[in-house]
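This briefing concerns helix packing, aromatic contacts and charged side-chain contacts in one structure. Please consult the sequence and the model while reading.

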Amino acid sequence: MKIKYKDLFIDFDDTLYDTHGNAIIALKELYEAFNLGEKLSSEEKFYEEYWKANVALWGQYSRGEIERDYLIVERFRRPLAACAYSPEGWLTKEYCLKVSDKFLEFCSVKPGVVEGAHELVKYLKTSGYRLHICSNGFHEVQYKKLRACGLLDYFDTIILSEDAGVNKPSPAFFDYAFRMTGAERETTLMIGDNYNSDIIGAINSGIDTMLFMRWPAIEMPKKPKYQVEKLKDIMEII
């Protein structure tokens with residue numbers, strides 16, 4: 001029997017929106033736009049170093065260990081420095097900010113979504129659920145991406161960490177989400193791809209959880225209530 005929730009808190013990046021796939025395209029555009037082949041020893045190494053830095057920095061950001069401004073600079077300073085023939089002279093904070101701005105410009109217009117995303121949100125909306133985005137992404141970028149991929153109008157509320165003043169997995173983020181949505185914990189389900197920020201954060205806030213297992217399996221000390229491998233599988237559960 002399907003469980004009848006009333007409110008669904010849904011992560012955006014890499015749950016509905018193909019952030020990873022869109023970023024791969026944007027990075028190639030960035031490489032060409034800044035003629036990075038003239039400054040860097042390897043295009044492939046640049047991409048590799050970018051993802052390494054990005055994963056590490058977003059993890060720190062979600063835990064509140066670093067500020068947004070630091071993340072924005074470092075996610076490009078680190079890979080550029082690791083691949084540059086010589087970083088002296090040109091690899092300044094201002095240059096990294098310029099690269100970051102252009103990257104976000106490229107990313108924010110990409111329409112790519114995870115397979116089944118449109119079908120899922122249409123099903124959830126017509127089934128009577130109230131839908132709420134719960135994201136650690138940056139305010140100005142998330143709204144552009146939501147419009148670019150055609151998902152914005154499906155959601156009753158957009159909950160962003162910049163507005164909440166704290167990131168997932170902090171319980172304070174979820175407290176803010178409940179205040180903004182009027183949802184109740186007993187009839188709310190959190191759906192997301194990130195075990196640490198989406199699942200652990202929601203479990204610690206007393207919310208049922210569903211892990212979208214888009215990435216390789218990891219150890220899960222606290223188990224989500226549901227696990228799905230495809231977005232379409234969600235429609236069989238709720």
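**Helix packing, ring pairs and salt bridges**

Helices α1 and α4 are oblique to each other, a term for angles that are not under 35 degrees (roughly parallel), over 145 (roughly antiparallel) or 65 to 115 (roughly perpendicular). The model is predicted: local features require pLDDT of at least 70 and side-chain atom pairs pLDDT 80 or more, while totals for chains, interfaces and linings use all residues. Residues are numbered from 1 along each chain as its sequence is written, and side-chain values rest on heavy atoms, with hydrogens and water left out.

**Helix packing**

- The axes of α1 and α4 cross at roughly 135 degrees and come within 9 Å; axes are lines fitted to C-alpha atoms, for helices over the stretch in contact, and angles run from 0 to 180 degrees between N-to-C directions.
- For α1 and helix α2 (residues 43-62), the axes come within 11 Å and the crossing angle is roughly 135 degrees. This makes α1 oblique to α2, and α1 passes α2 in a right-handed crossing.
- Helices are DSSP runs of H or I with at least four residues, strands are runs of E with at least two, and both are numbered from the N terminus.

**Aromatic rings**

- Rings of Phe, Tyr and Trp (its six-membered ring) pair if their centres lie within 6.5 Å; planes under 30 degrees apart are stacked, over 60 edge-to-face and the rest tilted.
- The ring centres of Phe173 and Phe174 are 5.4 Å apart and the planes lie at 75 degrees, so this pair is edge-to-face.
- Phe173 and Phe174 are both buried; with a 1.4 Å probe and protein chains only, buried means under 20% relative accessible area, exposed over 50% and partly exposed in between.
- Tyr50, Trp51, Phe76 and Phe103 are linked by ring pairs into a cluster.

**Charges over rings**

- Lys4 places its charged end over the ring of Tyr129, 4.5 Å from the centre of that ring; the criterion is NZ of Lys or CZ of Arg within 6 Å of the ring centre and within 35 degrees of the ring normal.
- Lys39 lies over the face of Trp90, 5.6 Å from the ring centre.

**Salt bridges**

- The structure contains 18 salt bridges, each defined by a side-chain nitrogen of Lys or Arg within 4 Å of a carboxyl oxygen of Asp or Glu.
- Glu29 and Lys110 form a salt bridge through their side chains, at 2.9 Å from N to O. Glu29 belongs to helix α1 (residues 19-33) and Lys110 to the loop between α4 (93-108) and α5 (117-126), so the pair ties together parts 81 residues apart in sequence.
- Glu29 is partly exposed at 29% relative accessible area, whereas Lys110 is buried at 10%.
- Arg63 and Glu65 form a salt bridge whose closest N and O atoms are 2.9 Å apart. Arg63 is exposed at 52% relative accessibility, and Glu65 is partly exposed at 47%.
- The side chains of Glu105 and Lys102 meet in a salt bridge of 3.4 Å, N to O. Glu105 and Lys102 are three residues apart in helix α4, and are thus separated by about one helical turn.
- Salt bridges with shared partners join Asp11, Lys168 and Asp198 into one network.

Key. A crossing is left-handed if the near helix is turned anticlockwise from the far one by less than a right angle, and right-handed if clockwise.
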